[in-house]
Amino acid sequence: MTRAGSRSPLAPRRTLPATVVDDTVAAAAILLDKWHPEDSSSGRSLFLDSTEDEADGFLRAAKDLHRAMLFYASGLTTKDVHGGGHGLIQAQDLLDTAMRRLQLELHILLSSLPNVLQFEQDDDVDRSTDALRETCGHLRAVAEAMLAAGYGQECVSVFKERRRASVASALQRLHGFSPSLQQATINKLSWEQIDPKMQSWLTGARAAFASVFAGERDLCDRVFAGENASVGDAVFSAVAEDQAMIILAFAEAAVARARRAPERLFRVLDVHDALTGTIIPSIVAAFGDKSEVTARAVTLAVTKVGDAARGMVASFEAAIEKEPAKATMAGGAVHPLTRYVMNYLVFLADYENALARIYSAEQFTDTSSSVGSGSDTASSSSSDLSMSSTSSSSMKLATLSLWSNPIGWLVSVLMRKLDAKAGNYREAALSYLFLANNTHYVAKKVGGGTKLEAVLGEEWAEAQRTKARGYVDVFVRAAWGTKVLRGGAMDEAVVEAVKMQERWVAADEDMGEALRAVARAAVVPTYRMFYRRQGAAARLTPGDVIGMIDGLFGGRTSHNSSSNNSLVST
């Protein structure tokens, strides 16, 4: 019974918002029934096989269902009219169905993407690029809908699974082998097996970081944009970071296997050029300057590749130093050591910039400051660069600071070794011929506008040419002796000098001509004076002497001296 004056409670009325929500849920149920994820026709894509209006309508329906859930859970409706929790449960079930449909769409859309993504093309109009951007637009719409509805974990899980597989496939195709499998077994391979894989790595790694990972970064930025950018960062890291680390780990293992063998230095420097020229800038652009991938790449370039390269240069220097000084060349010829070292340095000059970076602590201090978390490792490596990689004297450090890379130092080591070898010839003349030939060979390798000349300098090259000419002058004085050059028993002296020199050699035609020219200039005028005094008593004419000189060091004996060849052979 009610008190007098009191009113009986009225039955609750259906409010306008509640009616709208009910109608929205009902409309969404109809659309979801058409695109149910478990329907037999679910192989079709909502975004690729329907109209744009229908796809947009589905996304709006998913958003409306999420709003309906919030409305039912807010308590703004009553149990008697709207069934209380029933409306919430229905909206939740429908939203879950919608999300499963969008999860399926993620699979379909991601499967339609190529393994390597290129959003920018050289052509003004590129249909594949347009299609790629359109697909990214669909992916972004799906991701935003799922994240907004609280299904971010499901969205990210599908995205990571599909793109990880695509990236792994692309990397294996680029390298021609699986970096992860090879990295695990590289210690069992010989260098002859490793080297071709390193060549593949150089090409594949450049493309991987400049194209594959850059494309993945672009994809994540496009799909997870705006307020979802942090999700995109996490997804990209999950997709790409492990793969990037595997690529770098393979290079680390290969460089470690190179050890201190000088002939492997060029491949190690190729790795350094790839890292500093393409890979590290691409890593910073895709992963960020504070990422672990960047820090590892910088450590690889600065510490591991740098240490390996310096060790190989030190080994090469040690090999030159260990060459026995007593091992001379017959006839004063160019020593094989000279040829090997200079040919080695000609190739090494192509890596001038890499060597300058490796041997410059200041250069790596600058690099480390630009790559965030790599600074500690890189800075410690930079301090190591200020120390000698071998137990050589402090003079070596001073020389390196002058040359800025080790090429000049290695040349100076070679020249000192040649000086030591020259001292082991019994004949002083042959000692100077050896120095003339070898110095001429070095100067010729350096000169002519070569990269080696750019490293050592034109003045240095000219100084070696001048030195070679000086050795020629001293050789001629020593070879022809005081009897020839100052008068005396000149016939016998000339014959003796020619006989001594006929088995001696010149480095090349230019050196041979220089030797003959200096000898003619020194000997012939003196012999003419002798011939005038002796007259018919002289055994040789000036023409004979000229012909005999012209026959030395690979020259051709002139016709008028052929009759006197027997004089030399007696």
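This briefing walks through the fold of one protein chain, from the overall picture down to single residues. The model is predicted. The chain has 24 helices and 0 strands, and 48% of its 570 residues count as buried. Take contacts between residues at least 6 apart in sequence: 75% of them join residues at least 24 apart.

**The nonpolar core**

- The largest nonpolar core holds 163 residues, and the members that touch the most others are Trp201, Phe209, Phe213, Phe287, Leu345, Leu348 and Trp480.
- Helix α9, which covers residues 229-258, gives this core its largest share, 14 residues.
- Leaving aside neighbours within four places in sequence, Phe209 is in contact with Ala214, Ala244, Ile247, Leu248, Ile279, Ser282, Ile283, Phe287 and Val293.

**Helix α6 and what comes after**

- Helix α6 runs over residues 152-175, which is 24 residues.
- Which residues of α6 are buried? They are Gly152, Cys155, Val156, Val158, Phe159, Arg163, Ser166, Val167, Ala170, Leu171 and His175.
- A handy rule for reading such a list is that an α-helix has 3.6 residues a turn, so residues three or four places apart point the same way.
- Gly176 follows α6 and has a positive phi, near 80°.
- Phe177 is found in the loop between α6 and α7 (179-185). Is Phe177 buried or exposed? Phe177 counts as buried because its relative accessibility is 7%, and the cut-off for buried is under 20%.
- Beyond its neighbours within four places in sequence, Phe177 is in contact with Leu171, Gln172, Gln182, Lys197, Ser200 and Phe250.
- Phe177 and Gly204 are 27 residues apart in sequence, and their C-alpha atoms are 9.8 Å apart in space.

**The pair α10 and α11**

- Helix α10 (residues 265-287) packs with helix α11 (residues 292-322) at an angle of about 165°, and their axes are 10 Å apart.
- α10 and α11 are therefore roughly antiparallel to each other, since angles over 145 degrees count that way.
- The crossing in which α10 passes α11 is left-handed.
- On the α10 side, the residues that meet α11 include Leu265, Val268, Leu269, His272, Leu275 and Phe287. Their partners in α11 include Val293, Ala297, Val298, Ala301, Val305 and Met312.
- Val302 lies in helix α11, and with 1% relative accessibility Val302 counts as buried.
- Val302 and Leu275 sit 27 residues apart in sequence, with 9.9 Å between their C-alpha atoms.

**The pair α22 and α23**

- The axes of helix α22 (residues 509-534) and α23 come within 9 Å and cross at roughly 160°. That angle makes α22 roughly antiparallel to α23.
- The contact uses Arg516, Ala519, Arg520, Val523, Val524, Tyr527, Arg528 and Tyr531 of α22, together with Pro542, Val545, Ile546, Ile549 and Asp550 of α23.
- What is the handedness of the crossing in which α22 passes α23? The crossing is right-handed.

**Two positive phi values in loops**

- Arg259 has a phi near 50°, which is positive in a residue other than glycine. Arg259 belongs to the loop between α9 and α10.
- Why does Arg259 count as exposed? Because its relative accessibility is 54%, and exposed means over 50%.
- Phe553 is another residue other than glycine with a positive phi, near 55°. Its place is in the loop between α23 (542-550) and α24 (565-569).
- Phe553 has 9% relative accessibility, so Phe553 counts as buried.

**A buried asparagine**

- Asn438 is in helix α18, residues 428-446.
- At 0% relative accessibility, Asn438 counts as buried.
- Setting aside neighbours within four places in sequence, Asn438 is in contact with Ala333, Val334, His335, Thr338 and Leu418.

Conventions
Residues numbered from 1 in each chain as written. Predicted model: local features only at pLDDT ≥ 70, side-chain atom pairs only at ≥ 80, totals over all residues. Heavy atoms only, no water. Core = buried A, V, L, I, M, F, W, Y, C linked by side-chain atoms within 4.5 Å. Buried < 20%, exposed > 50% of the residue type's maximum accessible area, 1.4 Å probe, protein only. Helix = DSSP H or I, 4+ residues; strand = E, 2+ residues; numbered from the N terminus. Contact = heavy atoms within 4.5 Å. Expected span 1.5 Å × (residues − 1). Axes fitted to C-alpha atoms, helices over the stretch in contact; angles between N-to-C directions. Parallel < 35°, antiparallel > 145°, perpendicular 65-115°, else oblique. Left-handed = near helix turned anticlockwise from the far one by under 90°.
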